[in-house]
Amino acid sequence: MFAATRAFAADDPNAIHVLAVPIDLYAGAYYAQDLGLFRAAGLNVDITTLANGGVTATALAGGSGDVGVSNTVQIATAIARGLPLTVIAGAGLYSTRAPSTAICVSKASPLHTARDLEGKTLAVAALNDQSTVAMKKWMTDNGADYKKVRMIELGYPEMIAALPAGRVDAAMLAEPWQTTARNGDDRLFAKPFDSIAPEFNIGVWATTRAWAQAHPDLVKRFTTAIYAAAKWANTHHEESALILAKYAKADPKVIGGMIRVLQSTDLPASHVQPALDAAFEFAQMDRHMTAPEIIWDGK
């Protein structure tokens with residue numbers, strides 16, 4: 001898949017091969033493509049859709065794409081382990097005003113506090129990812145022991161089925177599955193990302209340092225287009241839902257009815273550092289990293 005796509009860029013100095021994921025957090029490239037913003041910036045962008053952002057870092061380091069999207073902690077962890085990556089733009093934000101990831105429980109559940117989760121089973125999409133770090137920090141901040149929670153990996157559709165069946169006691173659900181759950185037999189239990197910060201970057205756009213150094217103008221034009229798409233998406237939820245639904249192969253009504261992500265229009269260090277601090281605090285990363293270490297400085 002990658003090899004065939006890479007061929008298109010061989011003789012085009014304005015070509016960028018982008019690795020994207022069809023969820024609201026990471027959808028900026030789809031919006032920019034469909035709105036013609038990449039084209040307006042003089043870019044020839046080819047998008048490869050990935051199932052999730054977990055493989056982005058290794059794909060970029062291996063030359064399978066020029067620019068890709070993933071979560072802040074995954075990219076920072078890859079950098080800490082020696083992969084020559086750098087962050088060039090922000091993607092989706094977590095905001096307490098638009099909590100697109102949250103813990104849900106059944107409406108009949110007796111769980112109400114962090115300590116109530118002790119001894120219970122919590123479903124997560126991936127063990128030891130940014131969501132799991134948030135859950136650990138939220139429980140710790142609220143006087144509970146996260147080590148007493150049994151965490152299991154489940155896909156979001158499986159979580160939706162497992163909650164009412166009682167196979168899990170709680171589930172960390174991202175959109176659109178969170179809204180699906182809350183429209184059914186489940187309720188919001190907690191917003192664990194609030195424990196990291198009321199607003200911070202979950203998603204970021206990254207590339208290799210070598211590619212950024214060789215293509216500073218492409219980096220600038222890509223970032224300009226992505227942020228223009230973000231400004232549009234933040235005020236055009238109905239129209240952006242149609243674009244996202246097309247690439248996600250989802251029902252536009254489901255996308256339109258969910259809690260929409262706030263898209264980044266810049267990348268201040270203050271939106272990056274909280275996730276890095278939490279990841280180190282809970283041993284997600286071997287060393288503490290600072291935002292300037294992972295954000296492209298143009299050099």
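**View 1. K137, D141 and E281 are linked in a network of salt bridges.** Welcome to this predicted model. In the pair formed by K137 and E281, the closest N and O atoms are 3.5 Å apart. This pair links distant parts of the chain, with K137 in helix 6 (residues 130-141) and E281 in helix 13 (residues 273-281), 144 residues apart. K137 counts as buried because its relative accessibility is 15%, under the 20% limit. E281, at 46%, counts as partly exposed.

**View 2. R97 and E199 form a salt bridge.** Here the closest N and O atoms are 2.8 Å apart. R97 sits in the loop between strand 5 (92-95) and strand 6 (101-106), while E199 belongs to strand 11 (residues 199-201), so the pair ties together parts that are 102 residues apart in sequence. R97 is exposed, at 64% relative accessibility, and E199 is partly exposed, at 24%. The whole structure holds nine salt bridges.

**View 3. D194 and K191 meet through their side chains in a salt bridge.** The N to O distance is 3.7 Å. D194 is partly exposed at 29% relative accessibility, and K191 is partly exposed at 25%.

**View 4. Strand 1 (residues 15-20) is mostly covered.** Six of its six residues are buried: A15, H17 and L19 on one side, and I16, V18 and A20 on the other. Strand 1 runs parallel to strand 2 (residues 44-49), joined by six bridges, and A20 stands opposite T49 there. Two bridges pair strand 1 with strand 3 (residues 67-71), also in the parallel sense; look for L19 opposite G68.

**View 5. T223 lies in helix 10 (residues 216-235).** T223 counts as buried, at 13% relative accessibility. Leaving aside residues up to four places away in sequence, T223 touches I88 and A89.

Note on methods: Residues are numbered from 1 along each chain as its sequence is written. This is a predicted model: local features need pLDDT of at least 70, side-chain atom pairs count only at pLDDT 80 or more; totals for chains, interfaces and linings use all residues. Side-chain values use heavy atoms; hydrogens and water are left out. Buried means under 20% relative accessible area, exposed over 50%, partly exposed in between (1.4 Å probe, protein chains only). Helices (H or I, at least four residues) and strands (E, at least two) are DSSP runs, numbered from the N terminus. Two strands pair if DSSP finds at least two bridges between them. Contact means heavy atoms within 4.5 Å. A salt bridge is a side-chain nitrogen of Lys or Arg within 4 Å of a carboxyl oxygen of Asp or Glu.
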